[in-house]
Amino acid sequence: MKILHILNHIQETGNGIVNVAVDLACLQAQAGHSVGVASAGGKYQNLLERYGVQHFSLDQTRRPANLLLAARRYRRVVQDFQPEIVHAHMMTGVTLARALRYGHSYTLISTVHNEFQRSAIWMGLADGVIAVSQAVAEAMAQRGIPQAKLRVVRNGTLGSPRRRGESASAVHSLNHPAIATVAGMYHRKGIADLIAAFERVAPQVPTAHLYLIGDGPDRAEFETQVQRTQVRDRIHFEGFQPEPQRYLRAADVFVLASHKDPFPLVLPEAREAGCAIVASRVDGIPEALEQGQAGILVPPKDPMALAEALMKLLSNLETLQFWRRQAQENISWLSAQRVCTETQNIYREFHRSP
């Protein structure tokens with residue numbers, strides 16, 4: 001099968017949409033398919049080349065003059081590559097692929113990652129629409145995408161081609177007990193709630209430290225919040241890390257305090273690393289944590305509930321070890337290969353030969 005993925009870029013910045021698409025393209029090529037990626041480029045280009053994925057330069061920056069150039073470039077890419085499947089992962093790509101399909105017989109598939117964005121409804125232009133969790137599928141159905149188009153493929157990262165082959169025992173040196181989050185520094189990720197929760201926990205667990213791994217536009221606000229606390233010397237901003245697994249393997253507790261999150265890739269990674277997990281009961285997070293069997297779920301935007309869950313873990317070693325074991329139970333379904341197989345099945349279901 002000839003498959004063309006469309007993305008805005010393939011930069012290595014921790015962007016979950018890019019990571020899912022890169023994993024998929026590599027594994028499809030490994031399975032013997034002819035695979036291309038059209039994007040503005042980025043650091044993952046070398047990885048794609050190693051897997052035999054062809055990269056086409058396509059700048060989709062949303063400026064009128066540039067969009068005309070992008071349309072011409074897209075038509076040329078499709079003419080040269082002759083894809084049977086075009087898989088769009090972002091709004092501009094699905095719009096281009098739908099508007100410029102005339103003269104070609106490819107099937108258009110889209111993946112909805114961030115359904116909370118207003119533009120997500122445009123992903124419904126595709127023939128088939130993949131939602132990354134049941135929660136996302138239900139939200140998109142409520143917004144008007146027909147059920148007949150919607151399919152669910154939950155995210156998975158185990159065995160990802162993006163892993164650098166580092167030693168499974170490689171860990172970062174942390175102070176213990178160590179609480180960690182790996183997330184973009186956005187308000188949507190609940191970083192302020194986590195800092196507030198740690199302020200409550202820290203006096204009762206005087207050796208505890210909090211590690212914030214990630215970067216983003218709201219980081220300066222969180223740094224200011226931390227400077228106003230009495231425990232600022234125990235809260236560490238680590239920035240973006242290309243190998244966050246080294247932190248996860250060293251952490252005692254992983255926290256994801258998101259206000260909105262379709263199916264975060266970091267949860268399979270935290271489960272694989274064997275962290276005890278506390279996360280918000282919102283969107284696709286309960287699905288990633290087996291409805292609370294693999295981690296403690298708390299209400300979003302509730303620092304008090306988050307602090308109580310952390311105290312439950314940090315005040316009793318047996319409880320902490322219990323939840324570490326629970327995180328690693330039944331994780332085989334969180335593999336990148338399962339995502340690839342289910343996506344291939346959807347391609348075959350929707351594809352009609354000319």
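1. Strand E5 (residues 107-112) pairs with strand E6 (residues 128-131) in the parallel sense, over four bridges. Strands here are DSSP runs of at least two residues (E), helices are runs of at least four (H or I), and both are numbered from the N terminus. Two strands pair if DSSP finds at least two bridges between them. Isoleucine 109 stands opposite glycine 128 in E6.

2. A word on the source. This is a predicted model: local features need pLDDT of at least 70, side-chain atom pairs count only at pLDDT 80 or more, and totals for chains, interfaces and linings use all residues. Residues are numbered from 1 along each chain as its sequence is written, and side-chain values use heavy atoms, with hydrogens and water left out.

3. E4 also runs parallel to E5, and four bridges join them. Valine 86 stands opposite leucine 108 in E5. E5 is largely enclosed by the rest of the structure, because six of its six residues are buried. Buried means under 20% relative accessible area, exposed means over 50%, and partly exposed lies in between (1.4 Å probe, protein chains only). In a regular strand the side chains alternate between the two faces of the sheet. Thr107, Ile109 and Thr111 point one way from E5, while Leu108, Ser110 and Val112 point the other way.

4. Now the whole sheet. Seven strands form an open sheet with parallel pairing, in the order E3-E2-E1-E4-E5-E6-E7. Strand E3 (54-57) and strand E7 (150-152) are its edges, each pairing on one side only. From one strand to the next, the twist averages 25°. Angles run from 0 to 180 degrees between N-to-C directions, with axes fitted as lines to C-alpha atoms, for helices over the stretch in contact. Helix H4 (residues 91-99) lies across strand E1 (2-6), strand E4 (85-88) and E5, at about 165° to E5.

5. A second sheet is built from six strands. It is open and parallel, in the order E10-E9-E8-E11-E12-E13. Strand E10 (235-239) and strand E13 (296-298) each have a single partner strand, so one side of each is left without a neighbour in the sheet. E11 and E12 pair over four parallel bridges. Leucine 256 stands opposite alanine 279 in E12. H11 packs on this sheet, touching E8, E11, E12 and E13, and makes about 160° with E13.

6. The largest nonpolar core has 95 residues, and Tyr74, Phe254 and Val278 have the most contacts inside it. Such a core is a set of buried Ala, Val, Leu, Ile, Met, Phe, Trp, Tyr and Cys residues joined through side-chain atoms within 4.5 Å. Helix H11 (residues 303-314) gives the most to this core, with eight residues. Apart from it lies another core, of 16 residues, including Val35 and Leu48.

7. Aspartate 193 deserves a look. This residue sits in helix H6 (residues 191-201). Aspartate 193 is buried yet has no salt bridge. That term means a side-chain nitrogen of Lys or Arg within 4 Å of a carboxyl oxygen of Asp or Glu. The nearest side chain of opposite charge is lysine 301, 7.7 Å away. Lys and Arg count as positive, Asp and Glu as negative; His and the chain ends are not counted.

8. Helix H9 (residues 266-273) is mostly covered, with six of its eight residues buried. Glu269 and Arg271 are among them. Glycine 274 follows H9, and its phi is positive, near 85°.

Definitions and conventions
Contact means heavy atoms within 4.5 Å.
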